[in-house]
Amino acid sequence: MRRLLTFLIAFTLMFSLSTAKICAFESAFDQDSSSGDSGFGDNKTSSLEFSGSLEYKIRSILDKKSDSDLSYPSNSESELELGLDYSRDNSDLKATLAFDDNGDVALDEAFIRLYYDNFDLEAGKMKVVWGKGDKLHVVDNLNGEDLTDFINPEYLDRQIAEKMVKLNYYLGTGKLEAVYTPEFTANKLDREGDWVLSKVSKMKELKPIAVKEFGLTAALEIEDSLVGDESKELKDGQLALRYTNSKGGYDYGFSIYQGRLKNLSMDRSAIAKLEKGVYRDSQAFLNDLDLHYDKVTVLGAEFSSVLFGINSRGELAYYLTDDSDGDDPTVHNNKLAWIIGGDRDLPLHNVNVNLQMKSELILDKDKVDDNPADIDYSEDYFTNMMVLKVSDDFNNQRILPEVSLMYNLESQDYILDNQLEFIVKDDTSIKFNYKLFEGDGDTLFGQFDENDYISMVVNYEF
Amino acid sequence: MRRRISILFLIITLTFTSQAFAMTGRDVMDKAKDIINDGDSMHALMGMDLIDDDGEVQARKIEVWGITYNQSKDLSKVVMEFRTPASIKGTRFLQVENDGRDDDKWIYLPSLGRVRRISSSEGSKSFVGSDFTYDDMSSREVDEDNHKILREEKLGDYDCYVVESIPKNSEDAQYAKRISWVTKEHFVPVRVEMYSKKTGDLQKLLTVKHNIKKIDGIWTVFDALMKDMESGHSTKLYIIRGKSGAPYIEYNKKISPVRFTKRFLKTGR
């Protein structure tokens, strides 16, 4: 009923738009009293615009053949995204609705922005991207990620909008941003589809044991808890400050974030105890398991510039948790993370090469190494992921080939994405992808070794 | 004797006259640059039609603002906002000219959700898929080339100087040379031939419609066509007109400096 109501409201808005005073290009030359610009006309009007896209996607996973006729199974889905932009003299309203073919409607983003001389104020459900990296960040912590389709969607599409209040204060060429979110949203993981992470699968393997120990209902509750969910408690709010500026050809910034890590932490020793049949009831198990999202303070720095003709960029973040000594197995250790990279056009057709390296160093690894139950226990405490993208364009940017490689240096697993996009007519594009996942089964990308796929996406924007 | 003195006087007068009014290629291009840069500010709504060799058109609309923020050094800022098509709507681009170092350039892409610095070395890259490159869209410093008047010629409605410009440093230039037809009346280039560095052949041809008029006291080009001679693809760049027929362009009007900031790139305000 709620979905139907949301759809009806959206449809009514769309219908009324056709009769509303939608300003054409003349509005571009209207007097803008807030900025003092000159204009071609003196009419001050509010304007309502709608935009969006209709996307049809079909994907076939190549390593999974159907038993009946040995053909590759394919999934298709369509999505309509509707954007509403309402502008007045000193304010904007922006909203995005997403409709899928299951009948679900989601309010992707919805916020207002109020403009003042030296600052603007934003409030609502927003996606905020911090950092100078190219779709790869270590200082961008305000939004959780929707990983139900792993990292196959674009970075911005994966971000889950968060309800927040944001102040942007302009000091000369500098900008100070202050954000408060009363809640936080954890990363959303796939539970039953093709992109269930191995750590989630391992948690699901506990289900038979939990059923045996506690019964089906309790086991299902445990399973739900282990996958994680968004939190609505005030103590899980987030606070962040960021200052950015540009000087002498350099863009730089500093930030501080106080909130929670977006992936679950727990006391893994409780799992071993469960397997030994120690617990009398599910609540005792859950109490011992201590599912939580670690508090974290992230101190960040970022920069970008053009160095030797390369669009260079970098980010550095220090993640400070409650486990400063590194000896609490239920809390992630402090860590350093950074990104360094850049892109450059080559003197070869319209080729652009974009290379970035994301590194993480878990501190106090000596406190973790001898405790397999520690949440940070791993083979590698210093990891490096290389992201390389090579792109070109033909026929006045109507044919866009691109190859991208994400490669984990230590575990030697990778994703290779081969993409070809055609801009067909007006705002219609057809994109083909052939994506490969390779590596050992216990690695980040290798766990999806059998998920190599081809896909076609038809997109129409309006 | 009297006849010889008259002839001599005529020759001297003519020589003196031609020396007093003779222009060099450099003079012509200096004047052309002054015309282009005239005005403390500019604001226009422009159309850019990408035309395939089979006539199919992809239309774009771009709103452009420009100001001279340092008169003594003639330094400017330009910001562009794409209005259509939907696939690039909301994309904004800011360029700040600097003294003694490369221009600062930033782009805001809605799909990226943030402002991104870009390199001046991308000047040879196509501007949103058109036949204009980023460098084509900005003016080249007169000092960067050697200029020579090849001849004077009437082109359509206009008497023109035909000026050959060869880069002093070919590595920094897009083209091996340019030949420009610059009108004597307005000092506006109405035809520019751009020659390839690789082959020496005519690579691109820019032609301007002969309806140059003054807007706010400044000679203004309303229609230009850039053709890629190899592919046959063309790009028409023109100033959009309102329902009354008035062109959407104005000069020397007050433009808020906030337009030329990263705040505007991100918010559009």
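**Reading loops and cores**

Q: Where in chain B is the place of Asp74(B)?
A: Asp74(B) sits in the loop between β2 (57-70) and β3 of chain B. The model is predicted.

Q: What is the phi of Asp74(B)?
A: Phi is near 55°, a positive value in a residue other than glycine.

Q: How many other C-beta atoms lie within 10 Å of Asp74(B)?
A: There are 13, so Asp74(B) is partly exposed. The cut-offs are 12 or fewer for exposed and 20 or more for buried.

Q: Is Phe187(B) buried or exposed?
A: Phe187(B) counts as buried because it has 21 C-beta neighbours inside 10 Å. Its phi is also near 55°, again positive in a residue other than glycine. Look for Phe187(B) in the loop between β9 (177-183) and β10 (189-195) of chain B.

Q: Which peptide bond is cis?
A: The one from Thr84(B) to Pro85(B), with omega near 5°. Pro85(B) belongs to the loop between β3 (75-84) and β4 (92-96) of chain B.

Q: Now the cores. Where do nonpolar side chains tend to be in soluble globular proteins?
A: They tend to be buried together. Here, the largest nonpolar core has 30 residues, and Val298(A) and Ala317(A) touch the most other members. Elements of chain A that each supply at least two residues include α7 (282-289), β12 (295-307) and β13 (310-321). The largest share, three residues, comes from α6(A).

Q: Which residues is Ala317(A) in contact with, leaving aside neighbours within four places in sequence?
A: Val138(A), Val139(A), Val298(A), Leu299(A), Gly300(A) and Ala337(A). A second, separate core of 24 residues includes Ala44(B), Tyr108(B), Val115(B) and Leu265(B).

Definitions and conventions: Residues numbered from 1 in each chain as written. Chains lettered and ligands numbered in written order. Predicted model: local features only at pLDDT ≥ 70, side-chain atom pairs only at ≥ 80, totals over all residues. Core = buried A, V, L, I, M, F, W, Y, C linked by C-beta atoms within 7 Å. Helix = DSSP H or I, 4+ residues; strand = E, 2+ residues; numbered from the N terminus. Contact = placed C-beta atoms within 7 Å.
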